[in-house]
Amino acid sequence: MSYLETLETVASEVVASHADAVDAEARFPAESLEALGKAGLLGLVSASEVGGLGLGPAAAVRVIERLAQECGSTAMVTTMHYAGTTVVEQHGSEEVRRDLASGARLTTLAFSEAGSRSHFWAPTSTATASGAGVVLDAKKSWVTSATRATDYVWSSKPSVGSEASTLWLVSAKSEGLSTPVPFNGLGLRGNDSRPVRAIGVKVPLERRLGGEGEGFGIMMGTVLPAFNLMIAAGSLGLMSGGLKRTLAHVTSARYEHLGTTLADLPTIRAYVARMQIKTDMVRALLYDAAEAVEAGREDAMLRVLESKAAAGETAGEVLELGMRVCGGQAFRRDVGVERVFRDAKAAGVMAPTTDQLYDFIGKAICGQDLF
């Protein structure tokens, strides 16, 4: 069975069946993550030599898109796991890599901080040399899967020198870590995203990911492309899911006295046509961006930046149309449009934000340095 066939089974039979409860109760999608792990899909981007599927960005995009059609929170948690895994694959130990490939570990990124806000590449947290390791102190503002991940891919200032940052693999059970505020948000309500505080957290030197001061390069060269593509895929999946639910409503909701459906109205058909076109435009750009990354094309980074900006903004437009088309019924949970409408709001404010991306894209096409 191909990974896509396996994915379809998990998405349709497990993820879809728990999505409404995950949102309504703001609870972690544990059943979905367990099913993904058992199916080998948490090891999608892990190398085959450690038991993973050894697949690249295009496959990750397909997985995240399909998950997001059913549950934005599951897609978000999986996105962060894949993003963290890409770093560990390049710089982590074989033991941890094997555990990630098998689903025995769940990882996530711990980059965003209260002090640098959406400028995730500039941590203000510190790493102080201590014996055969470092002591970390930080106020991380948002960490997805904060209480469910086994490990954080963690950024800090270097312990020596003035380079931008250093990355660490930090056990979520480390003494000195706390997650004081539970997540109760507008959308992505099951992604367990919380602030994480580190006070005197001891990390051995062998848990450093890459060299001292090499964090910025890893963030830009490894994490940014993968993260942007998958966040865009999540937005695309939410659009697709919203369109599917909108079509189900307009083709079944009837004017009993006229014997017609909403879909018999030209204005309704025009709106859903716009939803379809916008969704297809984003899909074309995103899949081209993933292909550009895998092929090492010169325009790969530009396409990556464009895909997240376009997907995040267009998802809002598409799902607002869905709410408009479904009218008052759209506010009912059972129609399903309002859930993806809320979930789609998150992508634009996830670093790099849409406004930052427009600046980056503008600099790139004007021949200027991004930083």
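Contact here means heavy atoms within 4.5 Å. Keep that in mind as you click around, and remember that this is a predicted model.

**Stop one: helix 10**

Select residues 354-365. That's helix 10, with 12 residues. From its first C-alpha to its last it reaches 16 Å, close to the 16 Å expected at 1.5 Å a residue. Now colour T354, Q356, L357, F360 and I361, which are the buried residues of this helix. Turn the view until you look down the axis of helix 10: its buried residues fall within an arc of 150 degrees, so they line one face of the helix. The general rule behind such patterns is that an α-helix has 3.6 residues a turn, so residues three or four places apart point the same way.

What do the buried residues of helix 10 pack against? Show helix 6 (215-250) and helix 8 (300-326), and you have both partners. Before you leave, step just past the end of helix 10 to G367, where phi is positive at about 75 degrees.

**Stop two: the cores**

Next, pick L44, Y82, L109, F111, F120 and V153. Within the largest nonpolar core, which has 95 residues, these touch the most other members.

Zoom in on Y82 and show its surroundings. Leaving aside neighbours within four places in sequence, Y82 is in contact with L41, L42, L44, V45, A60, V63, I64 and M230. Then look for a second, separate core: this one has 17 residues, among them A110, A149, Y152 and V170.

Switch to cartoon and find the four strands of an open sheet, ordered 2-3-7-6 with antiparallel pairing. Strand 2 (126-130) and strand 6 (177-178) are at the edges; each has a single partner strand, so one side of each lacks a neighbour in the sheet.

For a look at one pairing, select strand 2 together with strand 3 (residues 133-143). The two run antiparallel and pair over five bridges. Pick T126 and you'll find D137 of strand 3 standing opposite.

**Last stop: S193**

Now go to the loop between strand 6 and strand 7 (194-204), where S193 sits. Is S193 buried or exposed? Its relative accessibility is 7%, and buried means under 20%, so S193 counts as buried. To see what surrounds S193, display W142, V143, T144, S145 and F183: S193 touches these residues, not counting those up to four places away in sequence.

Technical notes
Residues numbered from 1 in each chain as written. Predicted model: local features only at pLDDT ≥ 70, side-chain atom pairs only at ≥ 80, totals over all residues. Heavy atoms only, no water. Expected span 1.5 Å × (residues − 1). Buried < 20%, exposed > 50% of the residue type's maximum accessible area, 1.4 Å probe, protein only. Arc of directions from axis to C-beta. Core = buried A, V, L, I, M, F, W, Y, C linked by side-chain atoms within 4.5 Å. Pairing = 2+ DSSP bridges.
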